[in-house]
Amino acid sequence: MFFLLVGIHEFGHFYFAKRAGILVREFAIGFGPKVFSYKRKETRYTLRLLPIGGFVRMAGEDPEIVQINPGHRVAVRIEDGKVTRFYTDGVEGRADCLVGTVERIDLEKELVMEWEVDGERQIWPVHEQASIVSKGMDMQIAPLDRQFGGKTVGQRSMAIFAGPMMNFVLAFILFLTVVYMTGIPNGEPTTTEVMSVEQNSPADRGGLVQGDVIVSVNGEEIGIDRERLINLIEQNPEQTMEWTVSRDGESVTLQVTPANEGGVGKVGIGIGSNVPTRTPNVWEALERSAVIMKDSTVVIFDGLKQLVTLQLKLDDLGGPVRITEVTGDAVSRGMDVYVFWAGMLSLYLGIFNLLPFPALDGSRLLFLGLEAVRGRPVDPNRESMVHFIGFALLMLLMIAVTYNDILRLFRS
């Protein structure tokens, strides 16, 4: 799921950057040290150790790691009258290379190098895909028309927005898949069913399992009256209740004692109605998926609102550890639940990345909007500092919630 959600997000950035003619130096899944890496054409594809996101590194977004300045002594390889490769290490004695001292070099606009070779001044054009080899690194140069900053505001905005956009597309496809897996209602509810059971909850200890159809509680018929069931549970904290359920066509009697949470009984189950379903036609499936997409968006924004207004505690937040735990629970509850959970995460990833918080795509789009209004870009150094601070804060939050998740696991 991680590879799918992050990979599709980064593919959006990658694809539209390539369409705009931007040189993409790296397509990475994960952060931190490289685990696996290979280069194809102009781009290096890497898998990194920490599964907390990914990135597409475009030429011109950050200062180039390798540079050649006047006064440097370099060896160059020349093919068809143009410089195709620069060497800054082990210059002397390289086969098939000329060696000299750089006097002037422009690798962005003019693509030309002036240098001195054995006391003779020479001028050589530089190939637009020439590379620089330095300290074991082989880096392709990026002329201005191949850099992120050399493109129009519209092209750059599309390359940034495409990441969240692909997450929205994926979420809709996953919700559409769920609709076809589960069907759409075809009649009225017939029973009340246990949809989920929390581990180590009163329901779990009492023997309730997912799929049980609740027939009666303490002799009172439940049928489709979920409100009656909820009221019975809440009104009997710490009181043993007799539940009759239908399991695989057989009647089973269980003893369940609700926990006392502030004077209210809780048993730790999710309930739903067993509604007859049918396979939808294409239009019905698209319409139902759109409704799920809308309702899920409302839920996500409500959660973000609670986060901004500090209504959530640290224990309410989760990092990769909590996500893995919840994903495992979703898998145990069935493929339809797992696919729905993946769709929710994809939708959340798209929405979260569009927030105007430094280091997120939304913040970068905000800076591009300011550039469009002002007619000139914001100072790149200031923008980079803003994004760096935002990224550092996000990493600190990630560390805090992950530490809290691990402590919670040990406590439980």
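The following legends describe close-up views of a predicted model. Local features are given where pLDDT is at least 70, side-chain atom pairs count only at pLDDT 80 or more, and totals for chains, interfaces and linings use all residues. Residues are numbered from 1 along each chain as its sequence is written, and side-chain values use heavy atoms, with hydrogens and water left out.

**View 1. The largest nonpolar core and Met113.** A nonpolar core is a set of buried Ala, Val, Leu, Ile, Met, Phe, Trp, Tyr and Cys residues joined through side-chain atoms within 4.5 Å. Buried means under 20% relative accessible area, exposed means over 50%, and partly exposed lies in between (1.4 Å probe, protein chains only). The largest core has 18 residues, of which Phe86, Met113 and Val126 touch the most other members. At least two residues of this core come from each of β3 (73-79), β4 (82-87), β5 (98-106), β6 (112-117) and β7 (120-134). Strands (E, at least two residues) and helices (H or I, at least four) are DSSP runs, numbered from the N terminus. Contact means heavy atoms within 4.5 Å. When residues up to four places away in sequence are not counted, Met113 touches Val76, Val83, Phe86, Val102, Arg104, Ile105, Gln122, Ile123, Trp124 and Val126. In soluble globular proteins, nonpolar side chains tend to be buried together.

View 2. Glu114 is buried at 11% relative accessibility, whereas Arg104 is partly exposed at 32%. Both residues belong to a network of salt bridges that links Glu103, Arg104, Glu110, Glu114 and Arg121. Lys18 is in helix α1 (residues 2-19) and Glu42 is in the loop between β1 (24-40) and β2 (43-58), so the pair ties together parts that are 24 residues apart in sequence. Lys18 counts as partly exposed at 35% relative accessibility, and Glu42 counts as buried at 13%.

**View 3. Leu232 in helix α4 (residues 226-234).** Leu232 is buried, with a relative accessible area of 11%. Leaving aside neighbours within four places in sequence, Leu232 is in contact with Val217, Glu220, Ile222 and Met241. From C-alpha to C-alpha, Leu232 and Pro258 are 9.9 Å apart in space, and they are 26 residues apart in sequence.

**View 4. Helix α5 (residues 282-308) and its cover.** The 27 residues of α5 reach 39 Å from the first C-alpha to the last. This is close to the 39 Å expected at 1.5 Å a residue, where the expected span is 1.5 Å times one less than the number of residues. The buried residues in α5 include Ala285, Ser289, Ile292, Met293, Ser296, Ile300 and Leu304. An α-helix has 3.6 residues a turn, so residues three or four places apart point the same way. Among the elements that cover the buried residues of α5 are α2 (153-182) and α7.

**View 5. Helix α9 (residues 380-411) and Arg322 of α6.** Helix α9 has 32 residues and reaches 46 Å from its first C-alpha to its last, close to the expected 46 Å. Its buried residues are His387, Gly390, Leu394, Val401, Asn404, Asp405 and Arg408, and they pack against α6, α7 and α8. Arg322, in helix α6 (residues 320-332), is buried with a relative accessible area of 17%. Beyond its neighbours within four places in sequence, Arg322 is in contact with Asp315, Leu317, Asp405 and Arg408. Asn381 also lies in helix α9 and is exposed, with a relative accessible area of 61%. The C-alpha atoms of Asn381 and Asp62 are separated by 9.6 Å, although the two residues are 319 residues apart along the chain.

Key. A salt bridge is a side-chain nitrogen of Lys or Arg within 4 Å of a carboxyl oxygen of Asp or Glu.
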